[in-house]
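This report describes how two chains meet in a model. The structure is shown first, and the account of the contact follows.

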Amino acid sequence: MTERLFEGADWDFHTLQRITDACEEVATKDLGLDVYPNQIEVITAEQMLDAYSSVGMPLFYKHWSFGKHFAYHEASYRKGLMGLAYEIVINSSPCISYLMEENTATMQTLVIAHAAFGHNHFFKNNYLFKQWTDADGILDYLDFAKNYVMQCEDRYGRVEVERTLDAAHALMSHGIDRYPGKKKLDLRAEEKRAGRRRQHEEEVFNDLWRTVPAGKSKTRSTISIERRRKLLGLPQENLLYFLEKSAPRLAPWQRELLRIVRHIAQYFYPQSQTKVMNEGTATYVHYRIMTKLHQQGRISDGNFLEFLQSHTNVVFQPEFDDQRFSGFNPYALGFAMMQDIERIVTRPEDEDREWFPDIAGKNDVMGVLRDVWANYRDESFIAQFLSPKLMRHLRMFHLHDDPEERAGIRVDAIHDERGFRRVRRELARQHDVGYIDANIEVIDVDLSGDRRLILHHHVIKGSQLNETDAKRVLQHLADLWTYDVALIEVDANDKVLREYVVSPRPISAVA
Amino acid sequence: MPIHIIDRRLNPGGKSLENRQRFLRRAKSLVQGAVKKTSQERDIKDVLEGGEVTIPLDGMHEPRFRRDGGTRDMVLPGNKKFIEGDYLQRSGQGSAKDSGPGEGDSEDAFRFVLSRDEFVDLFLDDLELPDLAKRKIAHTESEGIQRAGYTTSGSPSNISVSRTVRRAMARRIALKRPSKEEIEELESAIAACADEDERLVLLAQLEKLKAKTKRIPFIDPLDIRYRRFETVPKPVAQAVMFCLMDVSGSMSEHMKDLAKRFYMLLYVFLKRRYKHVDIVFIRHTDRAEEVDEQTFFYGPASGGTLVSSALQAMHEIVRERFSPSDWNIYAAQASDGDNSYSDGELTGMLLTDKILPVCQFFAYLEVGESGGSAFDLSDSSLWTLYERLRNSGAPLSMRKVSERSEIFPVFHDLFQRRETSQEKSAP
């Protein structure tokens, strides 16, 4: 029998080392995972709260909203309303996992398996992360961002910087490129670029230019609307990008701040699209590793039971009429689907052969799963791999709530032969960020006239923007644009449902 | 693959402090309102505790483009009896409501915990204290200096000669620096020596010893030690604070609130100076009684007004429980200024003969209605009386107050008195 990794609940740093080595052995040999180098950091509860308030990142620029979140989390943590996560993992290379010091040895094993191998593999291999994030550069970039913001505060005043960041944060969810095509972000280069730009400005600065008389204004160009929109890259759904490039009166440092916020939003974009898959992968991996370690006798029965208890808590899915229900639990759904795929690959039934001819009975569980983890996101993953058996097991059903419908909420489909595909399509859609976020685009700018910026919101299923919030966000947008901004909500037939027009606040009034 | 395991637990905490301060600064007016409200509800003694405050989330809202309304589709787990085409009744917030975590939008109030210092700071801010005074109240602590061993650096005046010399001696012995006697001995031996060869040997020896003496200094900078001092909080005494208040019907809620704030401030102030502070509440109409804080501020009472009764009660309590030699006695009286005319004589006598001699500080606060310009009216009977006493040299602080911001100036006298009395007690 192999030696136990630990006895009881206590651990020290040698234990962690042994645990990590054991997990790594299973992860690479049995599961064939491919991970970034690991860095494991042990932290206290207070540090965990710190990490919470800066979206889990180890370093971040200073802003009041993080303080707000910290105060909020701290209050609810102190009152016992909220437990803290056992771990936080950062998509970087090396991959940093934070472990709470309070965890028992079993819990540390669980979270190392979960974060340092499960999440880590997913970060390194999933196409979205490969496409949109730069794991090598992120920490340096955050460091650069932090210092840059600090410098700006020194040079231009805290109020000014805060105002720009407030506005940028409000637009953060619409500061994302959703379609690839541009070159991959290289965050290290970003950092250098900003430095060079500033240096260049300083080198070529010549006060004489100020005294050169302005020439006659150029004749009004009579370019066509199409040409103009093309020049501005319109329509543009990345509002922060558009402002950074085209807002007429922003200072260079403000553009750089917008760029920082935009890059950070982009960095988190894959995470919001892969919650189910990411957690599902990590949960499946920790389950496999823990089971294996137990089989090898490296974890005692008692500790394994402790693990099973935490594990079942994590993958618990309350039913819709349960007090505790708050939507699908990504851990539960992800883990159930991964296990279901394992079943389909190894012990398929006729139904599975019919629904999943490509993988049913292929017998190479890890091969199939690794391929899935690499090439799907939540929406496509569910659309492709949610099996009838699992839908029956979770007793899924689809509700359609039309406010116009007097009779009530209609049950549109249930887990039966007629409903499988519809339920699956609808659940996949629920996990499609492109569908959840409001679809807002910059349509046009009246460059030769009053420079009004025109945005369209393409309303889906009659769901319009929340009015108070929309007005506030538009106010921020107008402040950055410094001219009027109009947002028009149109439905699928181009019928105008509502129009907002917001004028920028005069600078003094904002400050 | 190498794995790095790092212990971050010892890293300095408070990484979020800066962000928190920014948040508080931004939410200042909201938090201040909350602190004001909380402090009104609190007992005087609790004013120094930090605590949870609630502010409306509205002012700190971070807007996003959000959608709501429209037709909604949702897939849910746990179907028990529905089949396709069924209709569910909408029951207000139906059980099938998808309550997505909408970034805390559902909460209209934001609760969080303020530390004790943050709370006191905001509380004092609300009273519009000048910064200097605020620092005094909030942070001054009388400190004494005491010896605390030796250090290798310091100012020349603090050099410890004995310690330095002792170390020098130890070093000289350890390094075998030749002593003066040794050299003298050798010199006399050379003088007495007749044999030329032996003299040369002795001379060489002397040379060596002298060189060594030069190499090893008598006192090396390494030897120097300075006396180290550290500041320690001075042993603190105890104080008792008497709160006297007229509770007859003419005192409105606003007046009582002003008085309460005044007492709170005095308490905060005393708490910083004395380890132990007792509070005695004496309320009076035409009779005085010692009561607890709840009754003091909120208990119903009615009757005429005899200030002397309160002073008499205070005098008795002092005699019984608070010997002036053991206790620093502070008294603060709040009243709307009414007193029956026949009582004036007795009040004045009690105050000058019995009360003031034992008090460190006696403050009289005449409270008026908010917005009412207390200065237009003719002076009240009590004010007239106290003013007369003060003019004849009695150490009284007195102030008319109708707004919270006017409370502080009363303390102005207090600070000045503190300084002079400290000077007096210094020798």
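Two residues are in contact if their C-beta atoms, placed from the backbone, lie within 7 Å. The model is predicted: local features need pLDDT of at least 70, side-chain atom pairs count only at pLDDT 80 or more, and totals for chains, interfaces and linings use all residues. Residues are numbered from 1 along each chain as its sequence is written, while chains are lettered from A and ligands numbered from 1 in the order in which they are written.

The contact draws 79 residues from chain A and 58 residues from chain B. The elements in the table, where helices (H or I, at least four residues) and strands (E, at least two) are DSSP runs numbered from the N terminus, each supply at least two residues of the side of chain B that touches chain A.

| Element of chain B | Residues |
|---|---|
| β1 | 4–7 |
| α1 | 17–26 |
| β3 | 67–68 |
| β4 | 72–76 |
| β5 | 87–88 |
| β6 | 109–114 |

The most is given by α1(B), with 6 residues. By class, this side of chain B holds 22 nonpolar, 15 polar and 21 charged residues; Ala, Val, Leu, Ile, Met, Phe, Trp, Tyr, Cys and Pro count as nonpolar, Asp, Glu, Lys and Arg as charged, and the others, Gly among them, as polar.

Strand β1 (residues 38–43) of chain A pairs with β1(B) in the parallel sense over 4 bridges, where pairing requires that DSSP finds at least two bridges between two strands. Gln39(A) has His4(B) as its bridge partner in β1(B).

Ser53(A) lies in helix α2 (residues 45–53) of chain A and touches residues including Phe66(A), Ser16(B) and Asn19(B), not counting residues up to four places away in sequence. Ser53(A) is buried because 23 other C-beta atoms lie within 10 Å; the term buried applies at 20 or more such atoms, exposed at 12 or fewer, and partly exposed in between.
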